[in-house]
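Visitor: Could you walk me through this one? I'd like to start with the overall picture and then go into a few details.

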Amino acid sequence: MLTLLLLSTALIAVALCRYLRLPSLLGYLAVGIVLGPHSLNWIPNTSETHHLAEFGIVFLMFSIGLEFSLAKLKAMKRIVLGLGMTQVGLTALVGGLSFPFILGLDWRLGIILGGAVALSSTAIVSKMLIERQEVNTPHGHEVMGIALAQDIAVVPLLILIPAFAKPTEALFQELGFSVIKIIIALALVLFIGQKTMRQWFHLITRQRSSELFMLNLLLVSLGLATLTAMAGLSMALGAFLAGMLIAETEYRHEVEEDIKPFRDMLLGLFFITIGMQLNLRTVAQYWYWVLILLTLPVIAKASLTTWLSKQFGSPWTTALRTGIYLAQGGEFSIVILDLAHKSHVLPSVWMEVLLAPILLSMLLAPFLIKYSDVLIRRLTGNDWMLRAAELHKTAVQSMMRENHVILAGFGRSGQNLAHFLEHESIPFMALDYDPVRVSEANSGGHSIVYGDVSRKEVLIAAGLLRARAVVISFDSQSVALKVLHHVHAARPELPVIVRSRDDDALQALYKAGASEVVPEVLEGSLMLASQTLLMLGIPIHRINQRLNEVRAGRYSLLKGFYHGNTDNDEVDHAHPRLHPVYLSDQAWAIGRTLKEINIESWVEIRFIRRKNQRIEHDQFNKIQCLMPADTLILLGSHEHLMLAEERLLKGKL
């Protein structure tokens with residue numbers, strides 16, 4: 001009964017959070033608050049429940065370990081080891097000094113609370129960056145780099161908390177032992193464990209059993225977690241080390257996908273148990289402390305992060321966005337508090353009081369990020385000056401150019417196109433929103449300007465009114481539509497070539513004014529087909545003629561494909577797909593004409609198979625009526641295909 005209650009309430013709460021575009025963990029916390037011992041008391045606050053919830057933290061730390069690759073750390077060392085670690089260290093230091101002074105707590109507890117405040121919610125900020133398409137922006141790089149540093153900083157905190165639970169006279173001795181233990185553990189992981197783990201996984205995968213692979217995965221993660229717990233460290237630390245071991249093998253991505261269902265389910269249970277600890281009566285009694293501990297840490301953390309970002313060379317707007325995005329508490333802040341409470345370092349009453357502001361800051365985070373642009377315009381008066389400086393630099397660069405190409409984006413595709421333009425002596429003006437790429441390209445002798453092509457004034461400064469063409473070389477439908485809108489308003493006759501990943505956005509981009517859209521997936525298919533036909537001895541002129549026909553028809557022949565279980569359902573349900581519908585003797589459509597069945601408002605009938613013959617669209621006028629054993633090949637979205645099939649088989653509209 002308890003399991004059914006947890007599943008049903010969690011399902012409703014998480015579904016509501018998804019609908020409101022809020023993090024799922026807030027739904028789990030709400031279930032714990034409402035059903036816990038301090039409210040309805042429907043969920044028993046037993047040790048068994050907490051032991052089960054601990055596995056959620058184990059798998060969370062295991063996932064973080066999987067992300068902790070040495071190559072990734074090296075690539076982001078300036079942000080992670082420089083800006084990120086400085087942010088964590090200074091925030092923890094300021095918090096560690098402030099909390100004992102403000103709350104009158106022990107210095108050890110001050111360090112723990114300072115460390116908890118230094119952490120932000122990776123889940124919330126990464127989700128918001130993806131939704132706002134800001135992952136590859138300057139502040140997106142800084143936010144993700146600092147978040148990675150915060151995840152790494154959890155490890156020493158997991159070591160400190162059990163040591164702080166010891167008496168004062170044994171504290172430094174215990175810390176020394178803990179440091180020695182972690183050094184030995186890291187040495188085993190880095191120098192011995194990687195090779196051993198790779199060989200062990202090779203042995204398991206040779207058996208070709210998914211069941212055995214999953215059992216091995218659980219054994220490795222829980223086994224190392226248990227070993228570190230037996231050594232006097234935390235289970236979470238062992239899980240992190242297990243993730244690090246597997247991260248350096250070729251099985252990392254498969255492991256990440258296999259572990260995700262266990263991690264999300266058990267982590268949800270952990271957050272429910274955290275919500276059970278929140279006593280709303282205590283919060284109401286100490287509401288002033290909750291308010292103080294919500295506002296002061298958020299403002300101080302945002303200010304400190306902004307200042308550090310500026311010191312590391314970022315412009316004020318980037319620094320402010322980084323500070324605002326990371327101002328909230330995080331899931332690991334809750335983990336740290338929970339471990340401190342279980343280690344008897346943090347009293348229960350303070351656990352209840354401190355939990356509330358962290359949860360509230362996480363709840364407010366999506367709204368702060370959503371309205372960050374408005375906040376930045378009000379907080380800084382020189383934002384317009386920075387924008388004006390960017391525009392001036394862009395205008396100076398484009399001043400001497402006529403009949404040039406505006407190249408929006410200077411990634412791999414943009415750079416490859418630039419080589420062809422240079423070879424043909426065609427002038428171009430390249431703009432990119434990545435300051436590192438702009439700096440690297442300029443150092444390499446290319447003339448690239450930092451600018452946001454989605455803004456009309458940037459395009460005008462780049463010489464839009466004098467340009468010969470515009471090329472959007474990066475894959476972002478939303479930005480491409482903005483650029484097309486600005487170009488169409490200023491110069492509707494100017495050709496615009498747009499790159500896209502697949503054919504999903506073709507119609508929208510053409511409708512917005514794109515002269516040509518180049519879908520990578522379809523062009524890759526054409527290149528594969530042309531090389532295959534060439535190797536089979538088909539004359540090159542016939543191949544080129546066929547390719548030109550497909551391109552002239554805007555890839556209509558290649559639209560849609562037959563889907564299977566290995567395709568990504570989250571994406572493919574919205575994409576056009578091919579689907580065959582076989583007409584049995586009892587099908588409603590038998591004996592009716594194509595006009596009578598009336599399904600082409602939903603889907604396109606690509607062709608009809610009849611007695612091993614293929615009847616193309618231009619031959620449909622020869623079909624008097626549909627016959628038994630006909631197979632109609634339909635093209636449309638998943639939902640429309642289901643409606644069309646219902647119509648053909650049962651006559652439903």
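Visitor: How much of the chain counts as buried?
Guide: Of the 653 residues in the chain, 48% count as buried, and please keep in mind throughout that this is a predicted model.

Visitor: And how many helices and strands does the chain have?
Guide: The chain has 29 helices and 10 strands. Among its contacts between residues at least 6 apart in sequence, 70% join residues at least 24 apart.

Visitor: Let's take the sheet that has β1 in it. What is the strand order, and is the pairing parallel or antiparallel?
Guide: That sheet is open and is formed by 6 strands in the order β3-β2-β1-β4-β5-β6, with parallel pairing. Because β3 and β6 (516-519) stand at the edges with a single partner strand each, one side of each is left without a neighbour in the sheet. Ignoring direction, neighbouring strands here are turned by 20 degrees against each other on average.

Visitor: How many bridges join β4 to β5?
Guide: Strand β4 (residues 469-472) and strand β5 (residues 496-500) run parallel and are joined by 3 bridges; I472, for instance, has V498 in β5 as its bridge partner.

Visitor: Which strands does α20 lie across?
Guide: Helix α20 (residues 412-423) lies across β1 (405-408), β2 (428-432), β4 and β5, and its direction runs at about 160 degrees to that of β1.

Visitor: I was also looking at R455. Where is it, and is it buried or exposed?
Guide: R455 is placed in the loop between β3 (448-450) and α22 (456-461). R455 counts as buried because its relative accessibility is 13%, which is under the 20% cut-off.

Visitor: What does the side chain of R455 make a polar contact with?
Guide: The side chain of R455 makes a polar contact with the side chain of E457, at 3.1 Å. As for its position relative to V479, the two residues are 24 apart in sequence, while their C-alpha atoms are 9.5 Å apart in space.

Visitor: What about the hairpin of β8 and β9?
Guide: Strand β8 (residues 604-610) pairs with β9 in the antiparallel sense over 4 bridges, with F607 standing opposite E616 in β9. The hairpin has 2 residues between the strands, and K611 takes a positive phi near 50 degrees.

Visitor: Last topic, the helices α8 and α16. At what angle do their axes cross?
Guide: The axes of helix α8 (residues 138-164) and helix α16 (residues 331-342) come within 10 Å and cross at roughly 5 degrees, which means that α8 is roughly parallel to α16.

Visitor: Which residues meet there?
Guide: From α8, D151, V154, L157, L158 and I161 meet F332, I336, L339 and A340 in α16. By class, this contact has 8 nonpolar residues, no polar ones and 1 charged residue.

Terms used. Residues are numbered from 1 along each chain as its sequence is written. This is a predicted model: local features need pLDDT of at least 70, side-chain atom pairs count only at pLDDT 80 or more; totals for chains, interfaces and linings use all residues. Side-chain values use heavy atoms; hydrogens and water are left out. Buried means under 20% relative accessible area, exposed over 50%, partly exposed in between (1.4 Å probe, protein chains only). A polar contact is a pair of N or O atoms within 3.5 Å; within protein, one must be able to donate a hydrogen and the other to accept it, and residues adjacent in sequence count only if both atoms are side-chain atoms. Axes are lines fitted to C-alpha atoms, for helices over the stretch in contact, and angles run from 0 to 180 degrees between N-to-C directions. Angles under 35 degrees count as roughly parallel, over 145 as roughly antiparallel, 65 to 115 as roughly perpendicular and the rest as oblique. Contact means heavy atoms within 4.5 Å. Ala, Val, Leu, Ile, Met, Phe, Trp, Tyr, Cys and Pro count as nonpolar, Asp, Glu, Lys and Arg as charged, and the others, Gly among them, as polar. Two strands pair if DSSP finds at least two bridges between them.
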